[in-house]
Amino acid sequence: MVMQPSWSLHLLSEILAAFSTEDPENLRNVVNRVAESVEAEVAAILSDGTIRFCIGMTGDERQQLESLASSRPPQITIGAGRLNSYWAPLGEGNLLVVGRLGDTFDVEERSLLRAMARSIELSLRMLEAISAERQARLDASYQACHDALTDLPNRLLVLERLCRWTQQPPDDGACGTAVLFIDIDRFKWVNDAHGHAAGDELLVHVSRILQRSVRRDDLVGRLSGDEFIVITRTRKPEAASELAQRIITAIRRPIHVAGTELSHSASVGICLAQPGDTASLLIENADMAMYRAKALGRGRYALFQPSMREEARNRLALEEALRHAVGNGEIVCHLQPIVRLVDRQLVGFEALARWKHPQQGLLAPTAFIAAAEDSGLIEGIDLWMMEAACRALGRWQQLPGLEHLRLSVNLSARTLSAADLVQRIEPILAASGIAPSQLFLEITETSLVEDIQSTTSTIQGLRHLGLKLAIDDFGTGYSSLLYLKRFPVGLLKIDQSFVADLGSDPEDEAIAQAIVSLAGALGVSVVAEGVETETQEARLLELGSDYAQGHLYGPGLEIEATERLLIEPALPRSEPGPSLKAIDRS
Ligand code: C2E
Ligand code: MG
Ligand code: MG
């Protein structure tokens, strides 16, 4: 038998160490201990001063050895004839036979024996070191290409395997390769709401689902965070979609994590390999398709189309241009008046971002807010907007009759979840001199509800500062109203989609009415957005809305333009063109 490096080398070196002491008693003890510890694997035969070690031998082999040892001369002879010691091969095993050990050694034999023992021991130590190093190398290379949490192949190994798959033509010509990119929806929310241990548990759970959903020779890997990959051979393209749907359905089943039931979903992008596609291209394509699945509403799959590549390129170019725009001061702050409905008295402004694009002119936020959110630029934009608008409002509040003006600024979910938001708002408020009660932070229901855990402490901090929230686009997001109780909400903004058909659509009327009643019951004010006609205004007045904002009163204007209108004598209401029609300080 071939010696296993781990235990038999270790035993051999132990025996040799005992051997080099030239003490038969010690040697016998070691042999017995070794024989005991590994039971039948080691045998020591002691007779007439002759010691034989059989390591890893069966009974038959031992017998064979005994007869061989007695019938054959030693293969290596050490010493002057009295000490016969040799390594003799027997079957597949190695055998060390040492003859006549004990007091009978002369000086020369002893030193030879010691030298032999040392050199064997040294070799064994080296072998052990090499094997330990090899094992460590094996461990390290395993770790380098596997994910520690789920034990799945990581990006490195996935790429390598996918490379091989794409280079190897399908075995029977009927198979193609499909790459599925799986991303857990709102995973950050799970982490924030239930803690990282729960997030980890969910990741492991999903990895097991994926492993169970595929065939033996498919590959499941974890690319990073909540991104997984499945590489599968498919006979027909529909099989990939069916697999994606099975995975989505399995992941959607709620699980119990950290004492709560967790409902979650995943979005899947599918890319079917074409001849010549590289591994990284396939993953990129599947990622793009996954992005589309998310944009379509999450919890679904989408198949890669070449047009997605063009869209992704545009998105990246947009992000790049936006980064430049932020640096070049091309983002500007417009202020749209908010009026009290009963008398159209100006009560404040909402700050709305615009991009003064050098080629395309003035761009509305719909053209760039999503890109700003994806690229992380939104935080800077939101805070810059707040600073610019607060600075202006602080100045205007010094003017007689304008002390009461308030300001609303929009905050994205991403900005709201910034850990240092409160510390960043504090100096802006202090520098502008406006009272915290005069600043409203407009937040959509979706960002409040989705990020409830991570935003709770921020919102408490904002409450401490004395700031109030305005719920933007109210009625278009979540149906949960719990946050109205939990957070310092001071304003509900009726979304313009409910305002547009006021006076003609009974459903919109009912919704607007319900929002006004709810606000009344909660002691919260209401601002109706997108008021364009006097009919809408009249209806809102009847419904009991407090404030309004819309083109009827004036569009958003740059700070300088707004300032001119504020400090110059008020323009007559009939004045055409952009004007603050609401400004009537009489
Ligand atoms: P929003 O906060 O609901 O803002 C109201 C939107 O309605 C604005 O669109 C405004 O120009 C538009 N609007 C006002 N009056 C009328 C009207 O009479 N008729 C019509 N049809 N529309 C009217 P805008 O400026 O295009 O902004 C769109 C959205 O972009 C905003 O919706 C807000 O959610 C977001 N946004 C704007 N500025 C910022 C910002 O600085 N930061 C963040 N995070 N989001 C912003
Ligand atoms: Mg708003
Ligand atoms: Mg709105």
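The donor residues of the magnesium ion (ligand 3) follow the sequence spacing D-D-x55-E. In this predicted model, the protein donors are D472 (OD), D473 (OD), E529 (OE) and E529 (OE), at 1.9 to 2.5 Å from the ion. Donors are taken as N, O and S atoms within 2.8 Å of the metal (3.2 Å for Na, K and Ca), and sites may look incomplete because water is not among the atoms.

D472 is buried, at 8% relative accessibility, while D473 is partly exposed, at 24%; buried means under 20% relative accessible area, exposed over 50% and partly exposed in between (1.4 Å probe, protein chains only). D473 belongs to strand 17 (residues 468-474) and has a positive phi of about 50° although it is not a glycine. Helices (H or I, at least four residues) and strands (E, at least two) are DSSP runs numbered from the N terminus. A positive phi of about 50° also occurs at R186, again not a glycine, in the loop between strand 5 (176-184) and helix 6 (187-194). R186 is partly exposed, with a relative accessible area of 33%. For context, most residues other than glycine have a negative phi.

Another arginine, R344, is placed in the loop between strand 12 (331-340) and strand 13 (345-357). R344 counts as buried at 16% relative accessibility, and its side chain makes a polar contact of 3.3 Å with that of E534. Such a contact is a pair of N or O atoms within 3.5 Å; within protein, one must be able to donate a hydrogen and the other to accept it, and residues adjacent in sequence count only if both atoms are side-chain atoms.

Residues are numbered from 1 along each chain as its sequence is written, with chains lettered from A and ligands numbered from 1 in the order written. Local features need pLDDT of at least 70 and side-chain atom pairs pLDDT 80 or more, whereas totals for chains, interfaces and linings use all residues; side-chain values use heavy atoms, leaving out hydrogens and water.
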